[in-house]
Amino acid sequence: MNELVRRHTTLTGADVEWLHMLVSEWQLLSDLSFADLVLWIPTWDGIRYVSVAQMRPNTGPTSYHDDMVGHLVPRGRRPLLDAAYDEGRIVREGDPEWREEVPVRVESIPVRREGKVLGVIARNTNLLTVRTPSRLELTYLQSASDLAQMIAAGTFPYPGVEQTDMDAAPRVGDGLIRLDADGIVTYASPNALSAYHRLGLTTDLVGSHLGRATAELVPPSRAAVHEALVKLASGWAPRQTEVEAQGGVVTVRAIPLKPKGTLTGSLVLCRDVTELRRRDRELMTKDATIREIHHRVKNNLQTVAALLRLQSRRMESDAGRAALDEAVRRVGSIAIVHETLSQALDEQVAFDEIADRVLAMVMELSQDGRVATRRSGSFGILSAEVATPLSMVLTEVLQNALEHAFGPSASGNLEVSALRGRAPATGMGWSDSWNGGARPEEYLLITVQDDGKGMPEGFDPQQSGNLGLQIVRTLATGELGGTFDMVAGPNGGTKVILEIPVR
């Protein structure tokens, strides 16, 4: 809509915002009218109209099988549009139009804001299935007529009212209640009555004051909300809330109707969301349980690391002490992942933070600040099943670089970089074959570069190496489904390359 309005019209930003508010609400008008809606705006030169939005009804057959957005029609071709725009009134005159052997009744509703007509809504009703209307359909049509008059008068949508989340808001088919000016129910659809029965209502709604009837269903422990609930359910203001009683939960939305400037009645839409809220609570409980499990696993791993550290301090053998220190780092890298997962809402983590903490941990436990480290690029969001083995791989690679690239008193630089994106067709550092078969659509390329003394002559990174490199090869190629390699750096030192598919 923004692009069409900018290209073809002279409407201001405030006018466009009003149109967006209208379009966010007009599914209601379409469903109540059993009709398609198309919003036409005059072009900047005044000789044509451009259609900027379209809505099809959920309650009846469409009269437009094609997308109308972006169409241009000259003035004079559709007289009802001209009359509604020029005279600022709803135009219903004329015989039905025939479109592909389907009769269509066309009406035009001017869209007004602060006294200015911005455009026209063409309301097109497919008459092929017209029958004698029921009480429900008559209520729908009367409510649609009231809303149309409010749009023409510039009083709908309600300015200054916080916009409703239309995805969560109840729709016409979910349940509709029509109130008079005093808040008395004059009609309640079967779905609306069923929703109230779910709340514990045992009588009929018609003839009762909806606000008081709704408030009486709420338990006495929530008496503080009664007065506000009475006002909302009475339809005196455009509001939405949820009512919970007797184990049921119903979303209630009130829409005051003021077709001639004064309150003549209200629409109350209601939707039974009991099962949705039950599943939401189950998911919240499940998420909280998972986070608690991660927290306890992290605590247990930290306890194990502390025990290993105590044992290391009592070791007389330097080799034994070094082995225990390596075990502490491995356990600590896994604990970092679980600590991050214990604070997340799902089983995904931002791995940049984990990489920074792993780098700090390895540097703290391995050397006295002689080697300068840095990280570049971003790992992005990774699932727990990838983050845990990757943290261990990163720990081993960093530890290996610090142990073998620099001597006991040497200094240097160590850089970790990450590149994530779509897999290129060829090259870009990718291996010719993958353990998993076809190349993934998204990849993570990790390099660890040092400027140390480099690899010894004849060193084979796929066969040689200590326990740490064996762990890296196993996790990188087996659990992560990627590749691992070590090559000589372009300016000396060693470059470790990890290529990991991100699914």
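**Helices on a sheet**

Tutor: Helix 6 (residues 190-198) lies across strand 7, strand 8, strand 9, strand 10 (248-257) and strand 11. Helix 6 runs at about 60° to strand 11. Helix 9 (residues 274-313) also packs on the sheet, where it touches strand 9, strand 10 and strand 11. The direction of helix 9 makes about 125° with that of strand 10.

Student: Ground rules, please.

Tutor: This is a predicted model, in which local features need pLDDT of at least 70 and side-chain atom pairs count only at pLDDT 80 or more, while totals for chains, interfaces and linings use all residues. Residues are numbered from 1 along each chain as its sequence is written, and side-chain values use heavy atoms, with hydrogens and water left out. Helices (H or I, at least four residues) and strands (E, at least two) are DSSP runs, numbered from the N terminus. Contact means heavy atoms within 4.5 Å. Axes are lines fitted to C-alpha atoms, for helices over the stretch in contact, and angles run from 0 to 180 degrees between N-to-C directions.

Student: What is the strand order in that open sheet?

Tutor: The order is 8-7-11-10-9, five strands with antiparallel pairing. Two strands pair if DSSP finds at least two bridges between them.

Student: Which strands are at the edges?

Tutor: Strand 8 (185-188) and strand 9 (239-245), each pairing on one side only. From one strand to the next, the twist averages 20°.

Student: How many bridges join strand 7 to strand 11?

Tutor: Five, between residues 176-180 of strand 7 and residues 265-272 of strand 11, running antiparallel. Within that pairing, L179 has S266 of strand 11 as its bridge partner.

Student: New topic: strand 1. Is strand 1 enclosed or open?

Tutor: Seven of the seven residues of strand 1 (residues 36-42) are buried, so strand 1 is largely enclosed by the rest of the structure. Buried means under 20% relative accessible area, exposed over 50%, partly exposed in between (1.4 Å probe, protein chains only).

Student: Which residues of strand 1 point which way?

Tutor: D36, V38, W40 and P42 point one way; L37, L39 and I41 point the other way. All of them are buried.

Student: And the partners?

Tutor: Strand 1 has five bridges to strand 6 (residues 116-126), antiparallel. It also pairs with strand 2 (residues 48-55) over six bridges, again in the antiparallel sense. L39 stands opposite I121 in strand 6, and its bridge partner in strand 2 is A53.

Student: What sits between strand 1 and strand 2?

Tutor: Five residues, in a hairpin. G46 in the turn has a positive phi of about 75°.

Student: Now helix on helix. At what angle do helix 12 and helix 13 cross?

Tutor: Roughly 150°, with the axes of helix 12 (residues 384-404) and helix 13 (residues 467-479) coming within 9 Å. Helix 12 and helix 13 are therefore roughly antiparallel to each other. Angles under 35 degrees count as roughly parallel, over 145 as roughly antiparallel, 65 to 115 as roughly perpendicular and the rest as oblique.

Student: Which residues make the contact?

Tutor: From helix 12, E385, P389, M392, V393, E396, V397 and N400. From helix 13, G468, L469, I471, V472, L475, A476 and E479. By class, that is nine nonpolar, two polar and three charged. Ala, Val, Leu, Ile, Met, Phe, Trp, Tyr, Cys and Pro count as nonpolar, Asp, Glu, Lys and Arg as charged, and the others, Gly among them, as polar.

Student: How do helix 10 and helix 12 cross?

Tutor: At roughly 145°, with the axes of helix 10 (residues 318-342) and helix 12 within 9 Å. Their contact has six nonpolar, five polar and five charged residues.

Student: Two spot checks. Is L147 buried or exposed?

Tutor: Buried, at 0% relative accessibility. L147 lies in helix 5 (residues 135-153). Beyond four places in sequence, L147 contacts L28, L29, L32, F156 and L257.

Student: And how accessible is A372?

Tutor: Partly exposed, with a relative accessible area of 41%. A372 lies in strand 13 (residues 371-377). Not counting residues up to four places away in sequence, A372 touches G412, N413 and L414.

Student: Last one: how many helices and strands are there in the chain?

Tutor: 13 helices and 18 strands. Of the 503 residues in the chain, 48% are buried.
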